Amino acid sequence: MQFESLNIIEPILKSLKEEGYTIPTPIQVQAIPIVLQGIDLIGCAQTGTGKTAAFAVPILQLLSKNKTFDRKKKIRSLIVTPTRELAIQIEESFKVYGRYTELTCAVVFGGVNQNPQTKALRNGVDILVATPGRLLDLMNQGFISLKDVEIFVLDEADRMLDMGFIHDVRRILASLPQKRQSLFFSATMPPEIVRLAGSIVYKPVKVEVTPSASTVDIVDQFVYFIDRGNKNSLLLELLKDEKIKTALVFTRTKYGADKVVRVLKKKNISAEAIHGNKAQNARQKALSGFKAQTTRVLVATDIAARGIDVDDLEYVINFEIPNISETYVHRIGRTGRAGAKGTAISFCDAEEKEYLKDIERLITKKIQVVDDHPFPLIDNNPVKPTKQQFNSRIPNRFGSSRNLIPDRRNLRR
Ligand code: AMP
């Protein structure tokens with residue numbers, strides 16, 4: 001199916017074409033016609049499935065077909081999303097897809113000076129993308145009114161709950177007009193999310209894409225069993241491979257992220273960390289450098305990485321195995337986007353083997369083990385690593401040119 005068959009208006013089709021989109025993704029095929037009909041929607045989909053365009057395209061179309069002629073623009077669509085990175089990316093998407101419409105868009109998020117944001121709001125905007133805290137703050141100060149919102153989107157609802165935004169969300173809901181169209185997106189649908197959805201949408205249609213299955217099938221996944229103390233060395237070894245133009249490395253802690261960055265920088269590998277302790281502009285700078293490929297390695301914690309959307313990101317490296325299996329799927333979903341190639345590499349020490357088992361249970365497949373590497377796991381039963389063990393290094397038996405990541409063509413599936 002092509003975008004043309006979804007009855008999308010010419011100005012939007014033109015920008016989609018310029019973006020190189022010809023075939024809508026499954027969530028777009030399902031959601032766009034429903035939203036265009038003005039029907040409420042529950043979308044079970046995660047980032048990476050094309051869900052932003054699944055709501056942005058029909059919202060732009062509905063708003064531009066049904067123009068208002070008020071002198072000052074009013075907020076007619078509100079998108080609430082949990083993280084700053086997501087908010088920025090969603091606004092960018094609206095700007096790109098809507099570049100041939102006359103609609104305007106702004107974004108507000110916390111952690112930065114509010115003046116540029118209030119300045120952007122002063123002349124009025126049609127579409128506002130916001131994180132919950134700053135939105136409420138600016139509403140309380142009288143800079144934002146939600147009384148003209150026609151279409152409301154709650155994005156990443158499960159993460160919103162995880163991050164403790166439920167009360168903020170309820171406060172925002174109370175300020176929205178009763179009569180509105182609501183679109184509710186969440187990667188997972190546990191009972192409390194279903195309840196929350198029930199309090200927002202009216203007679204919704206539910207659409208679902210199975211990201212776990214699709215991500216898991218698209219991305220080549222490898223696990224390297226290794227002693228904890230050798231993980232830095234293996235990372236450096238892997239990064240000798242020039243085919244890794246950029247890699248997103250996940251660590252469990254902020255401290256761990258900074259430490260990996262220090263190790264890489266010492267070896268002259270350009271690396272930046274992105275996590276909650278970093279100021280917003282430092283995070284944005286790190287992300288832009290990574291997108292522009294001037295920074296080769298971005299090291300991130302899970303919360304910070306949520307919403308990182310980098311086209312053509314091929315390598316995700318799990319420096320540590322996440323103890324929550326869904327997190328693994330979210331992590332590897334940063335690569336293999338919209339059908340592109342993706343490789344996920346996981347470093348697994350003895351203590352993390354349990355987590356790996358859980359992950360394999362969730363994704364219902366075995367992750368390919370790479371045995372043939374210079375730092376094989378020796379200590380299968382670490383009591384508590386002593387400093388000496390922790391720092392132990394096994395000499396590299398292999399030359400630097402050795403290709404440590406199996407070629408996908410040689411894989412036994
Ligand atoms: P999202 O799930 O909205 O974060 O989108 C994931 C990525 O897929 C983004 O980089 C989009 O630019 C890209 N994308 C979205 N829709 C399409 C499409 N129909 N064709 C190609 N790429 C797309």
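This note goes through the predicted model point by point, from the whole chain down to single residues.

1. Overall composition. The model is a prediction, and the secondary structure of the protein comes to 17 helices and 14 strands. Of its 413 residues, 54% count as buried. When contacts between residues at least 6 apart in sequence are considered, 77% of them join residues at least 24 apart.

2. The seven-stranded sheet. Seven strands form an open sheet, with parallel pairing, in the order E3-E4-E2-E5-E6-E1-E7. Strands E3 and E7 (205-208) stand at the edges and have a single partner strand each, so one side of each is left without a neighbour in the sheet. From one strand to the next, the twist averages 15 degrees.

3. Together with helix H5 (residues 115-122), the strands E3 and E4 make a right-handed β-α-β unit. Which way do the side chains of E3 point? Cys105 and Val107 point one way from the strand, while Ala106 and Val108 point the other way, and all are buried. This can be read alongside a general rule: in a regular strand the side chains alternate between the two faces of the sheet.

4. The ligand surroundings. The ligand is surrounded by 16 residues, of which the closest are Tyr21, Gln28, Gly48, Gly50 and Thr52. For Gly50, by contrast, a polar backbone atom is involved, and an oxygen atom of the ligand is 2.7 Å from it.

5. Thr81. This residue lies in the loop between strand E2 (77-80) and helix H4 (84-97). Is Thr81 buried or exposed? Its relative accessibility is 0%, and because buried means under 20%, Thr81 counts as buried. The side chain of Thr81 makes a polar contact with the side chain of Asp155, at 2.9 Å. Leaving aside neighbours within four places in sequence, the residues in contact with Thr81 include Leu86, Ile90, Ala130, Pro132, Asp155 and Met160.

6. Helix H6. In helix H6 (residues 132-140), the buried residues are Pro132, Arg134, Leu135, Leu136, Leu138 and Met139. These buried residues pack against the strands E2, E3 and E4 and against the helices H5, H7 (157-162) and H8 (166-174). Just after H6, Gly142 takes a positive phi of about 85 degrees.

7. Strand E13. Which faces of strand E13 (residues 342-348) are covered? Both are: Gly342, Ala344, Ser346 and Cys348 on one side are buried, as are Thr343, Ile345 and Phe347 on the other, and seven of the seven residues of E13 are therefore counted as buried, the cut-off being under 20% relative accessible area. Strand E8 (residues 219-225) pairs with E13 in the parallel sense over seven bridges, with Ile345 in E13 as the bridge partner of Phe222. Strand E12 (residues 315-318) also runs parallel to E13, joined by four bridges, and here Tyr315 has Thr343 as its bridge partner.

8. Thr327. This residue lies in helix H15 (residues 325-332) and has a relative accessible area of 13%, so Thr327 is buried. Leaving aside neighbours within four places in sequence, Thr327 is in contact with Asp302 and Pro322. The C-alpha atoms of Thr327 and Ile303 are separated by 9.9 Å, and these two residues are 24 residues apart along the chain.

Note on methods
Residues are numbered from 1 along each chain as its sequence is written. This is a predicted model: local features need pLDDT of at least 70, side-chain atom pairs count only at pLDDT 80 or more; totals for chains, interfaces and linings use all residues. Side-chain values use heavy atoms; hydrogens and water are left out. Helices (H or I, at least four residues) and strands (E, at least two) are DSSP runs, numbered from the N terminus. Buried means under 20% relative accessible area, exposed over 50%, partly exposed in between (1.4 Å probe, protein chains only). Contact means heavy atoms within 4.5 Å. A crossover is right-handed if, with the strands pointing away from the viewer, the path from the first strand over the helix to the second runs clockwise. Two strands pair if DSSP finds at least two bridges between them. Axes are lines fitted to C-alpha atoms, for helices over the stretch in contact, and angles run from 0 to 180 degrees between N-to-C directions. A residue is near a molecule or strand if one of its heavy atoms lies within 4 Å of it. A polar contact is a pair of N or O atoms within 3.5 Å; within protein, one must be able to donate a hydrogen and the other to accept it, and residues adjacent in sequence count only if both atoms are side-chain atoms.
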